[in-house]
Amino acid sequence: MAMGLSRIVLYVLIVTLPVWLVAWLGEEGEGIVTDVGRNFALIGFMILCLQFLLAARVKWIERAFGFDILIRFHKTMALTAAGLLLLHPLLIAYGGPGWKLLIGLDLPWPIWAGKVVLLLLIVNVLAGIFQSRIKLGFEKWRLGHDLLAPAILVLILLHSWFIGDDLELAAMQGIWGGMFLLAGVMFVQHRFLRPSRQRRRPYRVESCVQEAEDVWTVKLVPPEGQSIGEYYPGQFHFLTFFRDPSLPVEEHHWTISSSPAQKDYLSSTIKASGDFTATIGQTRPGDTAAVHGPFGRFSYRKNLLCLRSAEDGPGAHQDAP
Ligand SMILES: Cc1cc2nc3c(=O)[nH]c(=O)nc-3n(C[C@H](O)[C@H](O)[C@H](O)COP(=O)(O)OP(=O)(O)OC[C@H]3O[C@@H](n4cnc5c(N)ncnc54)[C@H](O)[C@@H]3O)c2cc1C
């Protein structure tokens, strides 16, 4: 509980930091409507930068809330940021230069960059909301999301750097640069470096045994010299199988079905329920898989330990793996 609360407080402080800073060090306000519009943009940028951190499966964050809550929060904050950034030009226009800011064509390029941001944001949000209704497969949606999200952030950075007076403050430039760098590092680490590391040292499929109609248990042994880390029963991991080239390579999450008491292998028991899992029975011994985990808080052991810890007081046990 305290673990989650401290992270929430930290999140709120980081997201609102530029607002406090501009109020403290910035020039006198330009009227309440313009100031609110500007603050919406400042907060929107900070939220979008932190979205990359939330999506990067950082265990320090995930451990406190669980993966599902984190992903739901990520979605909620995406909508919040989009709402704030869409209101930003309306309020700025209303408070100052008028509607030509919205409908005029003779505008400086940073304003056009801002307009493109809004368009890409709307596309990104709508694709997320209607993904299954427009039958956009998860992998295609994720590729689009991975292209749109960094593009949006780069354009916001350019827009705010070249148009906003607030970015004349050295402290604000530091925050903007730092947050952009953080988002970039998280993105590259999560989408390229970690997967490539795991791909270079994959687990090996020891067996793929049919348990019932449409259900298989895949047993995976770690690479030479690597041991299986701690995990709780009920936690899950992400697996990416590398099999016959004709079979799809996709990352999916499955509960770890092996006992944490043994340290020789990991397994997952997988039901064929869609296009990818329909191929799971074609997994062969000797195939390999990238393993990322464990994640999740859905474990009786974890809740038992939390209860005991509450009864015994702080420091009664070491927390989750
Ligand atoms: C934390 C977690 C643990 C899981 N553990 C297991 C497990 O131990 N064994 C197992 O067989 N499956 C498990 N699943 C579900 C598994 O991830 C999906 O069945 C699989 O990703 C579907 O991939 P697909 O491309 O074959 O199916 P798709 O074509 O993507 O979907 C086929 C069907 O599966 C459903 N589905 C797809 N993704 C999910 C999801 N994330 N959660 C629930 N239903 C989904 C869809 O609604 C659809 O009905 C788990 C899911 C989560 C979130």
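A residue is buried if 20 or more other C-beta atoms lie within 10 Å of its own, exposed if 12 or fewer, and partly exposed in between, with C-beta atoms placed from the backbone. The model is predicted: local features need pLDDT of at least 70 and side-chain atom pairs pLDDT 80 or more, whereas totals for chains, interfaces and linings use all residues. Residues are numbered from 1 along each chain as its sequence is written.

Q: What makes strand β6 mostly covered?
A: Six of the eight residues in β6 (residues 288–295) are buried. Strands here are DSSP runs of E, at least two residues long, and helices are runs of H or I of at least four, both numbered from the N terminus.

Q: Why is T80 called partly exposed?
A: T80 has 14 other C-beta atoms within 10 Å. The cut-offs are 20 or more for buried and 12 or fewer for exposed, and T80 is therefore partly exposed. T80 belongs to helix α4 (residues 67–95).

Q: How do you know that strand β1 and β6 pair?
A: Pairing requires that DSSP finds at least two bridges between two strands. Strand β1 (residues 203–212) and β6 have two bridges, in the antiparallel sense. Y203 has A289 of β6 as its bridge partner.

Q: What joins strand β3 to β6?
A: Six bridges join β3 (residues 236–242) to β6, and the two run antiparallel. Pairing needs at least two bridges, so β3 and β6 count as paired. F242 stands opposite T288 in β6.

Q: How many of the 321 residues of the protein chain count as buried?
A: The buried share is 24%.
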